[in-house]
Amino acid sequence: MENSHASPGLLKQANSSALHRVLREKGAATRAQLAAAAGVSVTTVRALLEEMLRDGEVECTGLSASSGGRRAAQYSLRREKYYGAAVCITDGQAHGLLVDVHGEIVRAVPLKAGADGLRTSVLAFLDGLFAQRDIRSIGLGLPGVVRDGCFWHADKEGGLHSVAVEPALSRRYGVPVVLENDVNAAAIGFARCYETEFPGEDPAETNMAYLHFDRGCVSAGFVAGGRVIRGCGHFAGELGLVPTADGRLLDECLNDPQDGREYTARVLEAAVWVCGILNPRYIALGGPALRRECIGPVNDGLSALLPGPMCPELLYTADIWGDYQIGMAWLTAEKIFHMVQIIKK
């Protein structure tokens with residue numbers, strides 16, 4: 001989102017951005033609903049909608065429910081007008097996604113690694129979509145730290161190296177590009193699924209932790225006040241690097257052979273750290289290395305150790321790929337329309 005001082009042209013862009021945002025969030029809305037939610041006048045909404053209708057960005061999708069008076073027309077973004085292209089990568093695997101303006105996945109295809117890893121198949125997937133559809137944004141999820149348009153990865157000696165992914169894709173395709181860490185994207189996707197299942201949840205108030213237990217490491221995605229917490233260097237969530245009571249790192253402990261009681265104690269220890277620092281409302285546990293039988297005892301342990309206001313609801317997520325894809329689809333759709341916001345001084 002671009003923050004700018006007001007001028008007639010920028011004011012129009014800001015108002016258009018507000019309408020796009022409301023239509024993405026609500027799915028469909030009347031002129032009056034758009035004006036109220038976007039904070040602009042009905043006259044401005046009418047003029048912008050007429051232009052968006054001419055351009056094919058929106059369409060009239062019926063009439064509002066009757067409230068005793070004349071039923072108002074409802075408007076929605078046209079799903080088949082613009083699209084986003086997303087790629088989710090983790091552990092040498094990748095899936096390519098075609099995403100509509102509402103963040104819904106239209107198509108998902110597995111991508112195969114070749115002699116140069118995933119580079120050729122990812123670019124071929126993107127090239128194909130750009131040839132077939134009007135693609136307005138790209139999202140790329142990666143299993144590591146992403147910062148300032150770069151992907152950071154560690155070598156065998158533990159040194160960090162960066163690859164400028166976003167500038168390269170922007171030059172090649174000429175559209176906005178969003179990069180995100182795989183577990184952060186999965187946390188966003190899980191939160192959106194939860195909000196869909198429980199419509200009373202306010203996305204702007206979501207507070208949750210997504211703990212992912214993979215083979216060899218434990219990582220987390222944190223969402224507070226509806227925003228992902230990344231930290232100053234974007235390394236937030238590396239739980240496996242936290243020392244346990246015996247002085248070893250959590251990753252080392254969980255990789256050792258241990259019985260169910262020991263394993264549960266380690267998972268409980270990590271969950272208590274998270275609660276003491278973030279006080280999340282939900283903690284979602286998942287990943288291929290998670291022992292599901294520990295969830296009940298961990299939940300009991302949290303209830304015994306923490307006072308009521310600190311105790312989260314413990315949830316299980318069975319499908320990180322599904323969460324990951326939903327999160328990246330949403331992030332990619334957010335970039336389809338150029339967002340401008342006017343700020344007051």
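## A glycine after a helix

Just after helix α5, G174 adopts a positive phi of about 70 degrees. Helices here are DSSP runs of H or I with at least four residues, strands are runs of E with at least two, and both are numbered from the N terminus. This is a predicted model, in which local features need pLDDT of at least 70, side-chain atom pairs count only at pLDDT 80 or more, and totals for chains, interfaces and linings use all residues. Residues are numbered from 1 along each chain as its sequence is written, and side-chain values use heavy atoms, leaving out hydrogens and water.

Let's step back into the helix itself. Helix α5 covers residues 165–173, and V165, L169 and Y173 in it are buried. They lie on the same side of α5, because they cover an arc of only 35 degrees around the axis. That arc is taken from the directions from the helix axis to the C-beta atoms. Buried means under 20% relative accessible area, exposed means over 50%, and partly exposed is in between (1.4 Å probe, protein chains only).

## The whole chain

Now for the bigger picture. The protein chain holds 10 helices and 17 strands. Its radius of gyration is 22 Å, close to the 20 Å that the globule rule gives for 345 residues, so the chain is as compact as a globular protein of that length. The radius is taken over C-alpha atoms, and the rule is 2.2 Å times the number of residues to the power 0.38. Along its principal axes, the C-alpha trace spans about 65 × 55 × 40 Å.

Of the 345 residues, 46% count as buried. Contact means heavy atoms within 4.5 Å. Among contacts between residues at least 6 apart in sequence, 62% join residues at least 24 apart.

L77 counts as buried, at 2% relative accessibility. Leaving out residues up to four places away in sequence, L77 touches H20, L23, R24, E57, V58, E59, V101, H102 and F337. One of these partners, R24, is 53 residues from L77 in sequence, yet their C-alpha atoms are 7.3 Å apart in space.

H95 belongs to strand β5 (residues 93–99). With a relative accessible area of 19%, H95 is buried.
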